[in-house]
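Let's take a friendly walk through this model, with the sequence and the coordinates side by side. Please have both open as you read.

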Amino acid sequence: MSFMKGDLLTRTRKLVKGLAKAEPVWLKAMEKAPPVTFPRANAIQKITLPEDVYIKKFFQKHPDSKHEDAIKISSFDPPPARIFGLRVLVLKEQGVAEEEAMAVADMEYRMERKEKKKAYSRLKKIARLQGKRPPPNPYPSAIKEIQAEEKKFVRDRFYNPKIIQLVRQLQEDKAAEAQERFRAGGGSG
């Protein structure tokens, strides 16, 4: 029935009138009190925020930030790009020119990153002096997080007997295929 247009009521009426279906018990009741139809929106409008323009400019200037400053869905802290955009808007409201506002916000972003790196290096030094293991990086890059998750599987290929057996089988098949090709090529010459 997906090729027919209309809602359930109109489709059922068409089928009953065309004698393709027996009249269901609920049809008369539904005709007396038809279901509510909601108007459809023609096009879904894209939601844009005032800082979106500056976020795009931020990512053009710092393309590596997309990977390093990943958006954490469960976090209450906005990503650095959004902070940058909001800061530019605040500075513009205070009467600062757009280019100067972007330069100030960019400088603040760079300083914050530098401070975070310094703080983590100090934490590592303190841990080493105390003879403890250094704490995990509170600001790891997204790429390094993914690599840490994949590390187990990368090591697994060298030690898992099933994978080793599969690799040997593939190597034997490849060697047999190469020998076959060599024989076929050598016999015709």
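You will find His-62 in the loop between helix H3 (52-61) and helix H4 (65-68); helices here are DSSP runs of H or I with at least four residues, numbered from the N terminus.

A word on the background: this is a predicted model, in which local features need pLDDT of at least 70, side-chain atom pairs count only at pLDDT 80 or more, and totals for chains, interfaces and linings use all residues. Residues are numbered from 1 along each chain as its sequence is written, and side-chain values use heavy atoms, leaving out hydrogens and water.

Which residues does His-62 touch, leaving aside its neighbours within four places in sequence? They are Asp-106, Tyr-109 and Arg-110, where contact means heavy atoms within 4.5 Å.

Tyr-109 leads us on to the aromatic rings. Phe-58 and Tyr-109 form an edge-to-face pair, 4.8 Å centre to centre with 85° between the planes (rings of Phe, Tyr and Trp, the last by its six-membered ring, pair if their centres lie within 6.5 Å; planes under 30 degrees apart are stacked, over 60 edge-to-face, the rest tilted). Because Phe-58 sits in helix H3 and Tyr-109 in helix H6 (residues 98-129), this pair ties together parts that are 51 residues apart in sequence. Both Phe-58 and Tyr-109 are buried. Together with Phe-59 and Phe-84, they form one aromatic cluster.

Methods:
Helices (H or I, at least four residues) and strands (E, at least two) are DSSP runs, numbered from the N terminus. Buried means under 20% relative accessible area, exposed over 50%, partly exposed in between (1.4 Å probe, protein chains only).
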